[in-house]
Amino acid sequence: MAALLEVKDLQVSVADREILHGLTLTVNEGEVHAIMGPNGSGKSTLSHVIAGKPGYEVTGGQILFKGEDLLEMEPNERAAKGVFLAFQYPVEIPGVATMNFLRTALNAQRKARGEDELSTPDFLKRVREVSGSLGIPQEMLKRGVNVGFSGGEKKRNEVLQMALFQPSLCILDEMDSGLDIDALRIASEGVNALRAPNRSMVVITHYQRLLDYIVPDVVHVMSKGKVVRSGGKELALELEANGYAQYQEAAA
Amino acid sequence: MNIAVAKPDKPDTASDNFAAVSARVPGAGKVADTRRQALDTFQRIGLPHRRIEDWKYTDLRALMREVLPLAAAPEATALARAETAAKLHAIDGVRRLVLVDGVLAPDLSDLAGLEAGLSIRSLSEALQAGDDRVLSLDTADPMVALNTALMTDGVVIEVADGTTLARPLHILHITSGGAPAAMFTRSRIALGNAAVATVVESYVAGEGASAYQVHDSAVISVGDHARLDYVRIVEDAPEAFNITSAAVSVGAHAHFNAFGITTGGLVSRYQAVVTVAGSHSEVQTNGVNLLNGKQHADTTLVMNHDVPHCASREGFRAVVDDRGHSVFQGRINVRQPAQQTDAKMMTRALLLSDEAEVDNKPELEIFADDVTCGHGAAVGALDDSLLFYLRARGLPQKEAEAMLIQAFVGEAIEAIADDNLRELVTAAAVRWLEARQ
């Protein structure tokens with residue numbers, strides 16, 4: 001299998017404090033990887049740096065996406081290439097109707113790839129298909145982006161975008177935070193429906209619970225800015241039983 | 001020691017203009033007296049400067065420096081240039097009233113077939129007839145005084161009791177071009193009891209017009225149970241000045257819904273005094289400034305609550321880029337009899353560059369004890385977390401900014417009741433945003 005994402009010896013600082021100290025990770029096409037670890041281990045930093053969030057300084061190493069240097073690209077260029085970050089806390093954007101946002105974003109990505117813009121009927125058809133399968137009412141799409149949405153609705157809106165944009169790499173940053181069991185199940189089903197041989201996922205979470213729904217191929221343990229152990233899905237169960245303490249000592 | 005000496009501003013130009021205006025607008029009796037007194041007031045004070053409290057943030061002595069000579073009455077070539085501009089800025093479905101270089105141009109206006117209950121005259125006609133209702137602006141302010149002394153023409157619109165105008169009226173101010181000059185205009189919009197009308201007033205330039213001066217004013221009255229929707233669009237040439245003063249009087253059980261957008265001109269000021277004189281009335285005034293380069297735009301509103309059971313809402317938004325400067329001064333006066341007043345004022349500004357400047361001056365003066373009044377002000381930059389979210393979804397930086405700016409001003413534009421006019425103003429905002437990219 002070809003490597004989709006290659007993170008090599010990545011070192012990242014925020015305000016002169018190093019958060020990632022030489023992190024290495026390879027995600028092949030079609031694989032689902034889980035990244036687990038305690039608070040402050042650098043999981044979210046990794047997801048932000050892959051998506052291109054400003055404020056992080058990469059002091060060493062590289063990130064290749066489909067063999068290209070991801071760090072040289074603007075966030076919007078990364079999106080057009082197929083990188084999608086499902087936010088831990090999706091922002092509310094008052095005054096921007098969800099429908100308008102979805103269409104503008106989709107067409108911006110298509111334009112960047114040299115594709116034609118989607119016609120309004122085609123766009124509406126696609127939105128109706130995916131929103132229907134996620135149980136998102138059309139009424140919600142007329143409102144401002146995430147404005148007045150519950151935690152579960154916000155996450156479903158992230159999955160809706162994932163289904164609409166059809167990215168080749170989905171990074172789910174603590175998708176389970178703030179969700180009750182039912183909301184978690186609905187969002188996870190949406191994610192599972194998107195699993196495909198040409199699509200990879202990186203699932204970042206504290207807890208085993210999410211991985212009962214989205215079953216990973218590979219589990220990594222992060223501690224203090226590094227991947228300290230990798231294994232199969234059974235590693236998650238072991239972590240749930242024993243906690244992270246041993247890894248925090250190991251990394252120290 | 002540096003002593004600033006207040007120099008009277010080129011009284012010669014004002015006097016010359018006064019002579020020129022007097023030749024064109026005879027007027028007699030009270031009209032002539034008022035104009036003469038107003039000239040004296042202006043010559044005594046000169047252009048307002050920063051030591052005059054109301055003009056603290058808009059120092060015309062520094063920004064405008066001098067009053068330009070009166071624009072010539074438009075000849076054939078000016079009218080031809082204006083006609084081109086009028087087509088460019090035409091609005092569908094309106095009755096158009098065109099002022100070219102400060103003079104009503106009947107050939108470019110839709111004056112035929114006025115519906116029953118609608119009367120339209122030129123200001124010069126009204127002045128010659130000695131109609132003193134156009135005089136009711138407080139000339140203590142030097143720019144109102146200047147305008148009063150030199151007003152040449154304008155439109156006088158009267159809507160009779162019980163009349164609902166099906167078509168909005170569009171007062172279109174066109175500066176045709178040619179040598180920089182000053183226009184002095186005044187309009188009167190009077191709605192009788194239970195009358196309903198929509199008026200849009202816009203300011204544009206013909207090709208080649210640059211550093212001209214618009215000195216405009218409006219006397220507006222809204223009768224009992226009447227409703228006036230009023231939209232003002234300032235799209236003057238990039239080097240132009242626009243100083244406009246308005247006095248609005250609102251009767252009982254009436255609605256006055258005003259909206260203003262400024263994207264054009266170098267220096268502009270809109271100063272309005274709105275007085276709710278009858279109970280159970282509602283006033284809404286919303287505005288948007290979209291500024292860049294060295295543009296300076298000032299909105300100064302005085303909201304007078306004289307009677308009980310009225311509500312007023314003021315919402316003002318500014319987006320300022322480059323070295324632009326936006327000013328909002330809002331004063332709410334609630335007099336002792338005005339119990340149960342519900343008055344709110346909110347101003348928000350978005351600064352897009354380090355050198356952009358915004359000044360907000362909210363003031364409340366309340367003498368009644370049973371009222372709900374409030375004001376708020378917020379100034380900030382675009383939210384980085386929102387920008388990143390949009391960029392992570394594929395929008396380039398400028399497009400992401402444009403989407404957030406449009407959302408920001410869109411919330412104010414929502415207040416425009418007429419669908420066409422709301423789209424028109426939205427389009428003006430979009431033009432500004434597209435020019436940025």
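This is a predicted model: local features need pLDDT of at least 70, side-chain atom pairs count only at pLDDT 80 or more; totals for chains, interfaces and linings use all residues.
**Entry 1: Ile171(A)**

I began with Ile171(A) and listed its contacts, setting aside neighbours within four places in sequence: Ser47(A), Ile50(A), Ala51(A), Phe84(A), Leu85(A), Ala86(A) and Val202(A).

Residues are numbered from 1 along each chain as its sequence is written, and chains are lettered from A and ligands numbered from 1 in the order in which they are written.

**Entry 2: the nonpolar core**

I next looked up the largest nonpolar core, which has 209 residues. Ile171(A) is among the residues with the most contacts inside this core, together with Phe84(A), Ala82(B), Val98(B), Val100(B) and Val425(B). Helix 8 of chain B (residues 397-413) gives the largest share of this core, nine residues. Such a core is a set of buried Ala, Val, Leu, Ile, Met, Phe, Trp, Tyr and Cys residues joined through C-beta atoms within 7 Å. I call a residue buried if 20 or more other C-beta atoms lie within 10 Å of its own, exposed if 12 or fewer, and partly exposed in between, with C-beta atoms placed from the backbone. In soluble globular proteins, nonpolar side chains tend to be buried together.

**Entry 3: chain A as a whole**

I counted ten helices and twelve strands in chain A; helices (H or I, at least four residues) and strands (E, at least two) are DSSP runs, numbered from the N terminus. The radius of gyration of chain A is 18 Å, close to the 18 Å that the globule rule gives for 252 residues, so chain A is as compact as a globular protein of that length. This radius is taken over C-alpha atoms, and the rule is 2.2 Å times the number of residues to the power 0.38. Along its principal axes, the C-alpha trace of chain A spans about 55 × 40 × 35 Å. Of the 252 residues in chain A, 43% are buried. Among contacts in chain A between residues at least 6 apart in sequence, 72% join residues at least 24 apart.

I traced an open sheet of six strands in chain A, in the order 6-9-10-3-11-12 and with mixed pairing. Its edge strands, each pairing on one side only, are strand 6 (83-86) and strand 12 (226-231) of chain A. Strands pair if DSSP finds at least two bridges between them. Neighbouring strands of this sheet are turned by 20° against each other on average, direction ignored. Helix 1 of chain A (residues 43-51) packs on the sheet, touching strands 3, 6, 9 (169-173), 10 and 11 of chain A, and its direction makes about 145° with that of strand 9 of chain A. For these angles, axes are lines fitted to C-alpha atoms, for helices over the stretch in contact, and angles run from 0 to 180 degrees between N-to-C directions.

I then examined strand 3 of chain A (residues 32-36): five of its five residues are buried, so this strand is largely enclosed by the rest of the structure. Val32(A), Ala34(A) and Met36(A) point one way from the strand, and His33(A) and Ile35(A) the other way. Strand 3 of chain A pairs in the parallel sense with strand 10 of chain A (residues 200-205) over five bridges, and there Ile35(A) stands opposite Ile204(A). Strand 3 of chain A also pairs in the parallel sense with strand 11 of chain A (residues 218-223), over four bridges; Ala34(A) stands opposite Val219(A) in that strand.

**Entry 4: two positive phi values**

I found that phi of Gln166(A) is near 50°, a positive value in a residue other than glycine. Gln166(A) lies in the loop between helix 6 (151-165) and strand 9 of chain A, and is partly exposed, with 16 other C-beta atoms within 10 Å. Phi of Glu174(A) is near 45°, also positive in a residue other than glycine. Glu174(A) lies in the loop between strand 9 and helix 7 (181-193) of chain A, and counts as buried, with 20 C-beta neighbours inside 10 Å.

Notes. Two residues are in contact if their C-beta atoms, placed from the backbone, lie within 7 Å.
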